[in-house]
Amino acid sequence: MTKLHDLYQQQGQSVWIDYIRRQFIIDGGLQAAVDEGVRGVTSNPAIFEKAIAHSDDYDEQIQELVAQGKSTEEIYEALAIKDIQMAADVLRPVYDESDGIDGYVSLEVSPTLANDTDGTIAEARDLYAKVDRPNVMIKVPATDAGIPAIKTLIANGISINVTLMFSLQDYDNVAGAYLDGLELLDANGGDLTKVASVASFFVSRVESDMDEAIEATGNTELLGTIAVANTKLAYKRFQKWFSGPRWDALAIKGARVQRPLWASTSTKNEAYSDVKYVDELIGPHTVNTMPPNTKEAFKDHGTVARTIDIDVDTAQSQVNQLAEIGVDYDAITQNLQDVGVEKFEKPFASLMNSIREKSEKLAQGAN
């Protein structure tokens with residue numbers, strides 16, 4: 001038993017790992033992580049770029065796909081889908097034992113579709129069908145174009161991991177889209193028990209940008225406080241959205257709450273604890289998706305205790321103070337989402353170039 005098990009059993013928080021790579025799965029690394037308490041996997045274009053472009057794990061499959069005349073985009077999709085399927089199979093016992101609460105592996109739609117509702121819907125449906133595992137979640141960003149796509153996909157019975165959420169408005173938009181989608185699914189005779197969702201609320205990236213803006217005002221009191229405060233307020237909204245008559249009408253039909261997922265939980269500022277964004281955000285019906293280093297740090301010296309709804313009034317006061325000292329919360333969080341899309345677009349473009357170059361080299365080697 002590890003502290004990861006304790007988080008789930010004592011506090012109702014699931015640990016997912018923000019990492020995927022072919023050899024990690026084949027060599028038993030993922031199974032070992034599951035054995036120590038990891039209950040899901042998240043991926044993104046940056047993670048796949050590191051895995052595929054900077055290793056030879058995928059060369060054999062790339063060579064086979066090149067021989068079949070596949071395009072660069074088709075090769076990437078085939079590589080990613082195989083990884084997701086393999087990881088989903090490792091996690092299937094967790095999915096079954098938890099009755100579909102955990103055991104998910106997330107695969108993101110192309111970041112180039114972040115502002116394309118119809119394109120996002122089409123690709124999400126396609127990826128969901130091709131992975132063909134009940135424990136896959138398709139990642140869709142909480143952009144203006146992503147919100148209606150989320151509603152439609154939930155209504156289609158597709159489990160969704162909503163990503164790139166930074167503001168409380170993002171949270172409200174996403175929770176509303178989830179409930180709208182569930183109501184449509186129900187109206188169309190769908191099975192509410194078969195769809196799940198998480199709302200990925202980013203943490204440390206918020207801290208970095210807020211700290212920079214706060215420091216520019218000469219204020220030191222608020223440094224290192226806003227990311228946790230912002231996340232605690234999001235949890236408070238979660239509690240409101242998933243209670244009351246509207247939610248009860250769905251819950252009685254088997255609907256699952258859309259769990260808040262704390263993403264970007266590695267500490268960027270070395271002045272702060274390396275488990276700050278785990279220790280201070282523990283509570284029921286939540287997920288913390290940790291990079292491997294953060295997971296190891298928490299196992300070693302993290303503290304298992306409910307913290308997510310402690311001092312919420314203080315959290316509200318801290319966020320309110322931003323406007324008083326001239327820091328624009330809305331502008332910063334919107335910029336974070338815009339930049340977040342770019343941070344996925346760039347490694348995705350780099351990945352496409354790497355696959356193209358590898359394909360050409362492997363094709364030459366085969367001739």
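## Two helices in contact

Helix 8 crosses helix 9 in a right-handed sense (the near helix is turned clockwise from the far one by less than a right angle). The contact (heavy atoms within 4.5 Å) involves I147, I150, K151, I154 and A155 of helix 8, together with residues of helix 9 including V174, Y178, L182 and L185. By class, this contact holds 10 nonpolar, two polar and two charged residues.

The axes of helix 8 (residues 146–155) and helix 9 (residues 168–187) come within 7 Å and cross at roughly 30°. The two helices are therefore roughly parallel to each other (angles under 35 degrees). Helices here are DSSP runs of H or I with at least four residues, and strands are E runs of at least two.

## Basis of the model

This model is predicted: local features need pLDDT of at least 70, side-chain atom pairs count only at pLDDT 80 or more, and totals for chains, interfaces and linings use all residues. Residues are numbered from 1 along each chain as its sequence is written, and side-chain values use heavy atoms, leaving out hydrogens and water.

## The nonpolar core

The largest nonpolar core has 119 residues, of which I20, F48, Y76, I160, L182 and M210 touch the most other members. Such a core is a set of buried (under 20% relative accessible area, 1.4 Å probe, protein chains only) Ala, Val, Leu, Ile, Met, Phe, Trp, Tyr and Cys residues joined through side-chain atoms within 4.5 Å. Helix 6 (residues 72–97) supplies the largest share of this core, 12 residues.

## Surroundings of R256

R256 is located in the loop between helix 12 (245–251) and strand 7 (259–263). Beyond its neighbours within four places in sequence, R256 contacts D99, G100, I101, Y178, T193, V195, A196 and W247.

Terms used: Axes fitted to C-alpha atoms, helices over the stretch in contact; angles between N-to-C directions. Parallel < 35°, antiparallel > 145°, perpendicular 65-115°, else oblique. Nonpolar A, V, L, I, M, F, W, Y, C, P; charged D, E, K, R; others polar. Buried < 20%, exposed > 50% of the residue type's maximum accessible area, 1.4 Å probe, protein only.
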